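Please find below a short briefing on one protein model. The sequence and structure are shown first, and the notes come after them.

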Amino acid sequence: MDNIQGIKDMEKIIEIDLFDKYDLTEKYNDKHLSSELLEYIIEQASFVTKRDTVKIVINKKCSMEQDSIKIITDGLKQEYNKSLKLYHITNIRQLFLLLLGIFFLFLSTLIKEDVIWKEVLLIGGWVPIWETIDIELFSDLEGRRKRIILKRLLESEIIEK
């Protein structure tokens with residue numbers, strides 16, 4: 001038991017070798033982080049546990065004018081903000097589906113006779129409610145995980161060699 005509590009936090013180092021400026025930036029916009037590099041950083045950080053700290057080490061193998069630390073930091077911030085925006089849009093969609101489902105269920109209660117329209121409204125009300133539940137429980141798991149990883153990467157130390 002004492003050995004488990006005595007374990008120190010591990011430091012996960014993500015090494016990036018830059019051979020030219022296109023390893024760092026997009027081909028047509030040298031101010032934006034390369035999408036391939038961003039995917040690589042996120043993939044490497046996905047293996048980090050909660051107790052581990054992350055350090056990004058940039059190994060420049062050539063001379064470059066760009067500030068690689070700033071480009072990587074800005075790219076991570078943009079991806080995090082994009083993920084938050086998608087989360088916000090998903091929340092609005094969930095709210096709309098929930099209200100639509102409740103509205104259809106309410107309409108089905110107003111019909112007193114046992115007709116097909118009552119059943120259609122009843123089923124039509126439950127479908128968007130279940131879709132809301134499905135989005136909350138299952139569909140946003142990947143987005144949630146990505147936001148956690150990006151937040152940890154933004155808090156990490158980035159050094160250049």
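The notes that follow cover confidence, aromatic rings and surface, in that order.

This is a predicted model. Across the protein the pLDDT averages 88, and 94% of the residues score at least 70. The structure holds 1 aromatic pair, and a nonpolar patch is found on the surface.

**Confidence**

- Confidence is highest in helix 4 (residues 68-110), where the mean is 95.
- Confidence is lowest in helix 1 (residues 2-5), with a mean of 41.

**Aromatic pair**

- A pair of aromatic rings is described by the distance of the centres and the angle of the planes.
- Phe103 and Phe104 form the pair, with 6.2 Å centre to centre and 40 degrees between the planes.
- Phe103 counts as partly exposed, at 45% relative accessibility.
- Phe104 also counts as partly exposed, with a relative accessibility of 25%.

**Nonpolar surface patch**

- The patch consists of Leu122, Trp126, Trp130, Ile133, Leu137, Phe138 and Leu141.
- Together these residues have about 720 Å² of accessible area.
- Helix 5 (residues 116-139) gives the most to the patch, contributing 6 residues.
- Trp126 lies in helix 5.
- The relative accessible area of Trp126 is 41%, so Trp126 is partly exposed.

Conventions:
Residues numbered from 1 in each chain as written. Predicted model: local features only at pLDDT ≥ 70, side-chain atom pairs only at ≥ 80, totals over all residues. Heavy atoms only, no water. pLDDT = per-residue confidence, 0-100. Helix = DSSP H or I, 4+ residues; strand = E, 2+ residues; numbered from the N terminus. Phe/Tyr/Trp six-rings, centres within 6.5 Å; stacked < 30°, edge-to-face > 60°. Buried < 20%, exposed > 50% of the residue type's maximum accessible area, 1.4 Å probe, protein only. Patch = residues over 30% accessible without salt bridge, like charges linked within 9 Å, V, L, I, M, F, W, Y side chains within 5 Å. Areas by Shrake-Rupley, 256 points an atom, 1.4 Å probe, with all protein chains shown as cover. Salt bridge = Lys/Arg side-chain N within 4 Å of Asp/Glu carboxyl O.
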